[in-house]
Amino acid sequence: MAGTTVAEVMAELADLEDPKTRAVNERHGDDHGVHLGRLRALAKRLKTQQELAYRLWETGDTAARLLAILICRPKAFGRDELDAMLREARTPKVHDWLVNYVVKKNPHSEELRLAWSADPDPVVASAGWALTTERVAKKPDGLDLAGLLDVIEAEMRDAPERLRWAMNHCLAQIGIEHAEHRTRAIGIGERLEVLKDYPTPPGCTSPYAPTWITEILRRRQDG
């Protein structure tokens with residue numbers, strides 16, 4: 001489907017719009033009504049098209065931006081491009097997909113991790129913490145894990161929601177992956193009680209860090 005125009009794609013996205021899907025998404029802060037399975041199927045048909053991805057992103061439409069993320073070449077973006085895109089990505093799904101599907105695969109990810117983690121905008125800072133959590137799990141060499149726990153202990157409870165969730169994920173990941181910091185990580189979670197009462201559906205793991213850490217370790221031991 002090379003040569004597909006933005007107008008053609010936008011028309012197809014409009015046809016895929018479903019009011020029930022939109023209602024569910026809007027409860028999570030995402031203003032689009034395209035089922036993600038159908039969005040992925042469309043991306044599979046379009047294949048990788050970097051120029052089209054740029055044009056779709058420029059529309060500002062949430063579904064179009066999600067599609068752009070799926071058809072782009074993650075390594076093709078410059079550092080400043082990704083920084084600008086993240087600051088424009090104000091809906092949670094676009095923000096999460098951009099970080100996980102594009103920035104993590106980009107050669108500038110470490111530079112952006114450091115810059116974003118120190119950003120005064122809590123939504124931008126949450127992206128820095130998400131990248132830090134990735135490093136905690138996969139490339140911890142060079143990270144000051146004790147220092148990260150210091151920051152989490154001092155700032156997580158009063159952080160804005162998206163930043164609090166990102167810090168909490170990092171806390172849990174440190175506890176899961178690094179036995180030498182596990183007792184402290186669990187202790188921080190128990191003292192701060194962040195997400196302790198978060199409603200968790202049956203069969204899902206609670207985001208409360210002490211429970212999260214314990215459950216993942218139990219599964220690994222059983223597996």
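Which residues of helix 8 (residues 109-117) are buried? This note takes that up first, then the cores, the aromatic rings, the cysteines and the backbone.

This is a predicted model, in which local features need pLDDT of at least 70 and side-chain atom pairs count only at pLDDT 80 or more, while totals for chains, interfaces and linings use all residues. Residues are numbered from 1 along each chain as its sequence is written, and side-chain values use heavy atoms, with hydrogens and water left out.

1. **Helix 8.** The buried residues are Ser109, Leu112, Arg113 and Trp116. Buried means under 20% relative accessible area, exposed over 50%, and partly exposed in between (1.4 Å probe, protein chains only). Helices are DSSP runs (H or I, at least four residues), numbered from the N terminus. The four cover an arc of only 110° around the axis, so they sit on the same side of helix 8. The arc is taken from the directions from the helix axis to the C-beta atoms. An α-helix has 3.6 residues a turn, so residues three or four places apart point the same way. The buried residues of helix 8 pack against helix 6 and helix 9 (122-138). Contact means heavy atoms within 4.5 Å.

2. **The largest core.** The largest nonpolar core has 36 residues. A nonpolar core is a set of buried Ala, Val, Leu, Ile, Met, Phe, Trp, Tyr and Cys residues joined through side-chain atoms within 4.5 Å. Those with the most contacts inside this core are Leu13, Leu56, Trp57, Leu67, Ile71, Leu98 and Trp116. Elements giving two or more residues include helix 1 (6-16), helix 3 (36-46) and helix 7 (92-102). Helix 5 gives the most, with seven residues.

3. **Leu56 and the second core.** Leu56 touches Val6, Val9, Met10, Ala64, Arg65, Leu67, Ala68 and Ile71, leaving aside residues up to four places away in sequence. A second, separate core of 27 residues includes Cys170, Ile174, Ile188 and Ile213.

4. **Tyr54 and Phe77.** The whole structure has three aromatic pairs. Rings of Phe, Tyr and Trp (its six-membered ring) pair if their centres lie within 6.5 Å; planes under 30 degrees apart count as stacked, over 60 as edge-to-face and the rest as tilted. Tyr54 and Phe77 form an edge-to-face pair, 5.5 Å centre to centre with 75° between the planes. Tyr54 lies in helix 4 (residues 50-58) and Phe77 in the loop between helix 5 (62-71) and helix 6 (79-88), so the pair ties together parts 23 residues apart in sequence. Tyr54 is partly exposed at 22%; Phe77 is buried at 5%.

5. **Trp165 and Tyr198.** These ring centres are 5.0 Å apart and the planes are at 85°, so this pair is edge-to-face. Trp165 is in helix 11 (residues 161-177) and Tyr198 in the loop between helix 12 (182-192) and helix 13 (209-222), 33 residues apart. Trp165 is partly exposed at 29%. Tyr198 is partly exposed at 41%.

6. **Cysteines.** The structure holds zero disulfides (pairs of cysteine sulfur atoms within 2.5 Å). Cys72 is buried at 7% relative accessible area. Cys204 is partly exposed at 47%.

7. **Positive phi.** Most residues other than glycine have a negative phi. Lys47 has a positive phi, near 65°. Lys47 lies in the loop between helix 3 and helix 4 and is exposed at 59%. Leu195 also has a positive phi, about 65°. Leu195 lies in the loop between helix 12 and helix 13 and is buried at 13%.
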